[in-house]
Amino acid sequence: MKTQKLKNRWLIAASAVGIHISIGSVYAYSVMTNPVKDIFEVDGSVIKWAFKIAILLLGLSAAFLGRWVEKVGPKVSGTTAGLFYGIGILGSGLAVQLESIWLFYLCYGVIGGIGLGLGYITPVSTLVKWFPDRRGLATGMAIMGFGFAALIFGPVMQSLFDSVGVSNAFYILGVIYMILILSSARYIERPPEGYMPEGYKPGEGKVIKKDMANITANEALKTPRFYYIWIMMFINIACGIAIISAASPMMQEKLNYTPMEAAGIVGLIGVFNGLGRIMWSSLSDYLGRANTYIIFFAFQILAFYFLPQISMELAFLVVLFTVITMYGGGFSTLPAFLGDLFGTKQLGAIHGMVLAAWGLAGVVGPTVYDMVKNATGSLDTTLKVFAGLFIVALFVSLLMKRNVTKAYRKMDKKVDENLKFV
């Protein structure tokens with residue numbers, strides 16, 4: 001019987017990037033807000049609901065289909081994601097052509113959103129299993145693609161809107177996304193049971209820290225750690241996504257940028273979103289996952305409080321981009337953290353349940369931003385509300401740190417006791 005050749009784990013990672021860089025184009029949504037609202041002749045906040053629905057469905061599909069993804073494997077779920085996301089974008093073009101806002105909500109928000117959720121969780125648990133020695137780096141590489149997508153597709157969208165029209169732009173983008181995702185899904189697969197990287201020998205070189213547990217999704221729901229990380233992610237996402245969804249209009253208002261200049265900033269946001277994902281997740285391998293989140297929240301309390309008072313353009317952008325790195329870093333550090341906390345037995349399902357926080361935050365964050373901004377007319381007051389939320393997140397992250405420290409001490413004590421009888 002012929003032994004199947006082991007696939008290259010770095011090409012598996014590249015395939016994961018291909019999937020994430022396609023679905024990550026959702027982060028360039030603010031570029032399409034003004035062109036699409038002009039066609040439908042509605043306010044920008046009405047058009048933003050398609051984005052909110054897409055993020056909501058991302059979270060819900062990740063939460064409810066996580067077990068299915070684990071069951072069928074990344075090839076099938078990745079192909080399904082490509083079909084849903086591609087059809088959603090193509091349908092959005094038809095909705096614009098027919099000037100039907102409800103069809104736009106259905107195609108971009110619901111159908112595209114399901115594709116987003118499936119595409120997001122498909123490669124992550126697979127990569128954690130291929131890279132037991134570099135969890136943070138591996139998941140950071142894939143999820144980095146999700147962040148970098150706005151850099152590529154923000155200016156591309158604006159250029160297509162200007163050159164071929166809005167509906168034709170959606171048709172072209174839908175075909176591009178579908179080809180990228182489907183071709184990437186053909187290569188990606190799980191490693192063999194008990195896989196270890198070539199040349200790695202337990203006890204030599206880098207030591208892989210033992211997971212605190214290796215439990216099912218249902219068992220994870222019974223632990224306080226699950227709810228700590230759910231709250232931390234919800235707040236980090238709600239605040240970050242509010243800024244991202246309003247980025248283009250905010251730059252035009254705050255810094256008097258033209259639409260194309262603002263689209264360039266959206267692209268740069270994609271750069272720092274992507275850089276933050278690879279940088280912070282890699283650093284978390286050394287800083288510790290809990291410590292990484294504590295740094296995120298402590299900095300962002302100050303950043304959101306003082307950002308509206310910064311009048312110097314460069315300083316404003318530096319603080320904004322640093323916040324964006326931490327927003328992206330929160331996502332990329334998450335799968336490795338979940339692996340540490342709960343093991344890899346049902347990591348995809350557990351990751352999906354935590355991403356339900358993303359779905360809810362995708363609606364709550366931009367809605368709170370719009371409500372407070374419209375009621376007060378003040379960016380200052382709006383961002384101070386988010387600074388207050390980060391205080392809560394910091395408190396919860398400290399509780400998580402305490403819980404993790406106690407758990408590892410308990411594990412070390414048990415190991416010491418067992419050694420006495422060896």
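What radius of gyration would a compact globule with 422 residues have, and what does the protein have? A compact globule would have a value near 22 Å, and the protein has 21 Å, which agrees. The legends below describe a predicted model.

View 1. Along the principal axes, the C-alpha atoms fill a box of roughly 75 × 55 × 35 Å. Take the contacts with a separation of 6 or more: 85% of them join residues 24 or more positions apart.

**View 2. Surface and interior of the protein.** Of the 422 residues, 58% are buried. The accessible surface comes to about 17500 Å². Carbon and sulfur atoms hold 65% of that surface.

**View 3. Charged side chains of the protein.** There are 35 positive side chains and 23 negative ones. The centres of these two sets lie 11 Å apart.

**View 4. Y27 sits in a loop between two helices.** The helix α1 covers residues 9-23, and α2 covers 29-40. Y27 lies in the loop between them. Is Y27 buried or exposed? Y27 is buried, because its relative accessible area is 3%, under the 20% cut-off.

**View 5. The surroundings of Y27.** Which residues touch Y27, leaving aside its neighbours within four places in sequence? The contacts are F146, A150, I244, V266, N273, R277, Y327, F331 and W358. One of these partners is I244. Along the chain, Y27 and I244 are 217 residues apart.

Key:
Residues are numbered from 1 along each chain as its sequence is written. This is a predicted model: local features need pLDDT of at least 70, side-chain atom pairs count only at pLDDT 80 or more; totals for chains, interfaces and linings use all residues. Side-chain values use heavy atoms; hydrogens and water are left out. The radius of gyration is taken over C-alpha atoms; the globule rule is 2.2 Å times the number of residues to the power 0.38. Buried means under 20% relative accessible area, exposed over 50%, partly exposed in between (1.4 Å probe, protein chains only). Contact means heavy atoms within 4.5 Å. Accessible areas come from the Shrake-Rupley method with a 1.4 Å probe; for residues, only the protein chains shown count as cover. Lys and Arg count as positive and Asp and Glu as negative; His and the chain ends are not counted. The place of a charge is taken as NZ of Lys, CZ of Arg, CG of Asp or CD of Glu. Helices (H or I, at least four residues) and strands (E, at least two) are DSSP runs, numbered from the N terminus.
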